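Here are a few notes to read alongside the structure. Take the points one at a time and find each residue in the viewer as you go.

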Amino acid sequence: MGDWKGCCVKPRPKIDVFAPGWKKPPPHFEDTYLSSDFHDFAAGPKEYVWDGLLALGEFSVVFGDPAAGKGNFVTTLGCAVAGGRPFFGRNAGWYKDGDWWPCGVLYFALERHEQVKRRVKAYEQHHDAPYHIPFAVCQNQFDIRDDDTASRIIETLYETHGYSHMRLDGEPGVCDYQPDFNLIVIDTLSMALAGGNDSDPGDMAKAIHTIKQVIAETGAHVMVVHHSPVSADNRMRGYGTLNAAIDVSIRVEDKKTYRVASVVKNSDTPDAPRYHFGLQSINVPHWYGDKYGDPIGEPFDVPVPVVVEMDAPPAKARSAVKESKGPKVIRPSNSEQPVYDALAGLAGPATEEDWRAAYDASPVEGVSASNHRVRFSRGKKDLAAKGLIRQGDDGKWSVTVSALQSENCNSEET
């Protein structure tokens with residue numbers, strides 16, 4: 001091959017397996033492709049669980065303040081995916097044979113799992129669902145940093161898929177349908193860290209590694225619910241590695257009269273929509289159960305909030321331009337007024353001595369003699385700066401035309 005100097009890659013050294021100290025070389029990474037191999041694949045369409053935003057094999061985060069409504073938003077999105085129903089005008093579920101079908105959702109409710117179950121019931125009741133949607137809630141706790149957590153999540157997904165059969169309604173020839181579970185939700189990241197610190201780069205790296213393992217094995221979309229810091233709700237809490245690793249981030253805010261979910265990061269397209277919604281309480285029948293899960297006594301209603309889509313609020317109207325009230329009149333301040341009045345009362349240009357004498361003849365009550373003199377000196381300077389008085393070439397002082405228009409009009413002390 002000749003001398004390697006000047007080439008891009010140094011040639012592989014000759015191997016002598018009988019040489020002292022010889023070791024078998026490590027295996028190479030097999031998943032390596034040239035552009036001639038992957039250009040057809042790269043041009044293919046992505047598959048989504050929420051059309052145009054949440055794709056299979058990707059990772060997203062929904063974040064916001066504790067009371068912003070992100071839990072309601074995520075649960076309702078999951079229910080729409082599980083029901084194959086549109087959500088904020090975008091198709092959701094599993095696209096197959098030209099239609100959107102129900103797609104299974106596995107929701108790891110590490111916080112308030114009973115509340116998540118009630119929200120799913122409320123969704124089914126509010127939308128009059130004719131069948132139970134394939135929405136599974138896992139309430140077991142785990143530490144996302146542990147080496148075996150990815151395997152446990154993957155096995156739970158496969159087991160849930162194996163037991164999930166649903167009856168689609170309405171048409172002749174009703175059939176069993178087994179949906180693929182392609183959306184995994186982890187609520188919340190803080191609980192999944194199990195005492196870890198979301199500001200610690202090591203803890204976050206382990207969490208991201210676990211999520212990436214799940215995605216690589218299942219091909220599902222993984223969504224994580226996270227918090228924003230107390231000091232700034234416009235970003236995710238913790239170390240910045242998380243934001244770098246995700247494909248989509250959605251910020252949920254409470255605007256008092258409405259709530260809004262805004263796509264902050266979208267790695268694949270510049271599409272960054274905003275979705276406005278409110279929360280409406282509906283009564284969901286509930287009952288107490290015995291240790292076997294059988295109901296005890298009569299059912300009772302529990303109010304549960306459901307997400308109601310809203311139109312974008314109208315933009316704030318621009319304030320009306322105030323009508324012009326004519327040119328602004330410059331007036332003397334309270335301390336300048338006596339100085340100005342003394343000159344105006346002389347009925348024509350006057351020397352500074354005559355002006356001062358007229359001013360001294362009308363002392364202001366409560367003002368000392370020294371302060372009285374200071375007011376004259378300052379007042380003369382300030383009145384001239386405002387253009388209310390002027391000094392002629394002969395050295396005499398007189399009021400200007402604009403000053404004559406402002407006579408007997410006092411302003412606040414400047």
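A salt bridge, as used here, is a side-chain nitrogen of Lys or Arg within 4 Å of a carboxyl oxygen of Asp or Glu. Please keep in mind that this is a predicted model.

1. The structure holds 14 salt bridges. One of them joins the side chains of glutamate 58 and lysine 46, at 2.6 Å from N to O. Glutamate 58 sits in the loop between strand 2 (54-55) and strand 3 (59-64), while lysine 46 sits in the loop between helix 1 (35-42) and strand 1 (48-50), so the pair ties together parts twelve residues apart in sequence. Is glutamate 58 buried or exposed? With 13% relative accessibility, glutamate 58 counts as buried, whereas lysine 46 is partly exposed at 31%.

2. Aspartate 268 is partly exposed, at 48% relative accessibility.

3. **Another link along the chain.** Arginine 145 and aspartate 203 meet through their side chains in a salt bridge of 3.3 Å, N to O. Arginine 145 belongs to the loop between strand 7 and helix 4 (149-163), and aspartate 203 to helix 6 (residues 201-218); the two are 58 residues apart.

4. Nine strands form an open sheet with mixed pairing, in the order 7-6-10-11-3-12-13-14-15. Which strands stand at the edges? They are strand 7 (135-138) and strand 15 (295-310); each has a single partner strand, so one side of each has no neighbour in the sheet. From one strand to the next, the twist averages 25 degrees.

5. **Strand 10 and its neighbours.** Strands of a sheet pair through backbone hydrogen bonds, either parallel or antiparallel. Strand 6 (residues 104-109) pairs with strand 10 in the parallel sense over six bridges, and valine 105 stands opposite leucine 183 there. Strand 10 also pairs in the parallel sense with strand 11 (residues 221-227), over five bridges. Isoleucine 184 has valine 222 as its bridge partner in strand 11, and aspartate 187 has valine 225. Seven of the seven residues of strand 10 (residues 181-187) are buried, so the strand is largely enclosed by the rest of the structure.

6. The largest nonpolar core has 39 residues, of which Trp50, Phe73 and Phe135 touch the most other members. Helix 2 (residues 70-83) gives the largest share of this core, seven residues. Apart from it lies another core of 33 residues, including Phe108, Ile186, Leu193 and Met236. To see how phenylalanine 135 is surrounded, look for its contacts with residues including Thr75, Cys79, Val105, Tyr107 and Val120.

7. **A helix across the strands.** Helix 3 (residues 113-126) lies across strand 6, strand 7, strand 14 (274-289) and strand 15. Helix 3 runs at about 105 degrees to strand 14.

8. **Cysteines.** How many disulfides are there? The count comes to zero. Cysteine 103 is buried, with a relative accessible area of 1%, and cysteine 138 is buried at 11%.

Conventions. Residues numbered from 1 in each chain as written. Predicted model: local features only at pLDDT ≥ 70, side-chain atom pairs only at ≥ 80, totals over all residues. Heavy atoms only, no water. Buried < 20%, exposed > 50% of the residue type's maximum accessible area, 1.4 Å probe, protein only. Helix = DSSP H or I, 4+ residues; strand = E, 2+ residues; numbered from the N terminus. Pairing = 2+ DSSP bridges. Core = buried A, V, L, I, M, F, W, Y, C linked by side-chain atoms within 4.5 Å. Contact = heavy atoms within 4.5 Å. Disulfide = S-S within 2.5 Å. Axes fitted to C-alpha atoms, helices over the stretch in contact; angles between N-to-C directions. Lists of a residue's contacts leave out its neighbours within four places in sequence.
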